[in-house]
Amino acid sequence: MLSEDENPIIELKDLCKSYWAGNMEIKILKNINMKVYPGEFLAIMGPSGSGKSTLMNMIGCLDRPTCGQVILMGQDINKITDSELARLRGLEIGFVFQNFNLVPRLSATQNILLPTYANTKNSIEPNKRANELIKLVGLADRSNNRPSQLSGGQQQRVAIARALINDPSIILADEPTGNLDSKTGSEIMGIFKDLNKKRRTIIMITHDHSLASYADRVVYLKDGVLT
Ligand SMILES: Nc1ncnc2c1ncn2[C@@H]1O[C@H](COP(=O)(O)OP(=O)(O)O)[C@@H](O)[C@H]1O
Ligand SMILES: [Mg+2]
């Protein structure tokens, strides 16, 4: 599973992130160094407010660092334009959030297809792949349902299928089971574990120790410092 002889799929070098309250700098992430290798299942743990979601936004290239570097698949994101970055992110990173973040007006299948409207790979036939993915997550009979007609667990399955539509190299999940009961949460973790067996890189944020056991490696964030 783990292949340290390869180059990291993502690397953070002395990464910092601050927010400003007026003139006052609030340092959220402090000199983070981290390498994630292809096929790894990494859990990032830490208490609420420790900077986990901020770190996920950095790893997911949703935001740029205050200082330091994010190197995604060999590319230093400080050296590419916003539109190049958006494309790289759209093709290579699939996001799963605690609140599912589905579009209420759209059906399950339409939600799954959403990322392909902005960017997709030439090798992907979106409709065909959406059909395969809705089966993969066990919702073939729910393809026309809107989110409000689905349970929380079903909505998260749709969100996972959406994260996979562009066949990304990395899946980033921020507290993916935080809004689910423990049985449904275990089912969702089972999906992540299966994806990881197919050598997909998974980075999951959680503050739940029982979920971190699904990962190959766990790192801890405390007050913006990785330990
Ligand atoms: N956009 C923002 N502006 C200012 N402060 C922020 C912003 N986003 C997060 N923070 C602050 O950064 C800290 C870490 O937040 P977050 O990364 O969401 O932590 P976690 O996910 O570990 O709970 C918190 O103190 C939060 O209030
Ligand atoms: Mg968070």
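Six strands form an open sheet with mixed pairing, in the order β6-β7-β8-β3-β9-β10. Its edge strands are β6 (93-97) and β10 (225-226), and each of these pairs on one side only. This is a predicted model, in which local features need pLDDT of at least 70, side-chain atom pairs count only at pLDDT 80 or more, and totals for chains, interfaces and linings use all residues. Residues are numbered from 1 along each chain as its sequence is written, while chains are lettered from A and ligands numbered from 1 in the order in which they are written.

Some terms come up throughout. Helices (H or I, at least four residues) and strands (E, at least two) are DSSP runs, numbered from the N terminus. Two strands pair if DSSP finds at least two bridges between them. Strands of a sheet pair through backbone hydrogen bonds, either parallel or antiparallel.

Strand β3 (residues 41-45) runs parallel to strand β9 (residues 217-222), and four bridges link the pair. Here M45 stands opposite Y220 in β9. Helix α5 packs on this sheet and touches β6 and β7 (170-174). The direction of α5 makes about 165° with that of β6. Contact here means that the C-beta atoms of two residues, placed from the backbone, lie within 7 Å. Axes are lines fitted to C-alpha atoms, for helices over the stretch in contact, and angles run from 0 to 180 degrees between N-to-C directions.

Next come the helices. Two packed helices are described by the angle between their axes and the distance between the axes. The axes of α3 (residues 108-118) and α5 (residues 152-164) come within 7 Å and cross at roughly 30°. That makes α3 roughly parallel to α5. Angles under 35 degrees count as roughly parallel, over 145 as roughly antiparallel, 65 to 115 as roughly perpendicular and the rest as oblique. From α3, the contact is made by A108, N111, I112, L114 and P115; from α5, by V158, A161 and R162. By class, six of these residues are nonpolar, one is polar and one is charged. Ala, Val, Leu, Ile, Met, Phe, Trp, Tyr, Cys and Pro count as nonpolar, Asp, Glu, Lys and Arg as charged, and the others, Gly among them, as polar.

Helix α3 also meets helix α4 (residues 126-136), with axes that come within 10 Å and cross at roughly 130°. The two helices are therefore oblique to each other. A108, T109, I112, L113 and T116 in α3 meet P126, A130, L133 and I134 in α4. This contact has seven nonpolar, two polar and no charged residues.

A second open sheet has four strands in the order β2-β1-β4-β5, with antiparallel pairing. β2 (24-36) and β5 stand at the edges with a single partner strand each, so one side of each is left without a neighbour in the sheet. Five bridges join β1 (residues 10-21) to β4 (residues 67-72). Across this pair, E11 stands opposite I71, and K13 has Q69 as its bridge partner. β4 and β5 form a hairpin with two residues between them. In the turn, M73 has a positive phi of about 50°.

Finally, look at ligand 1. Around it are Y19, I28, G46, S48, G49, S50, G51, K52, S53 and T54; a residue is near a molecule if its C-beta atom, placed from the backbone, lies within 6 Å of it. Helix α1 (residues 52-59) gives the largest share of this shell, three residues. By class, the shell has two nonpolar, seven polar and one charged.
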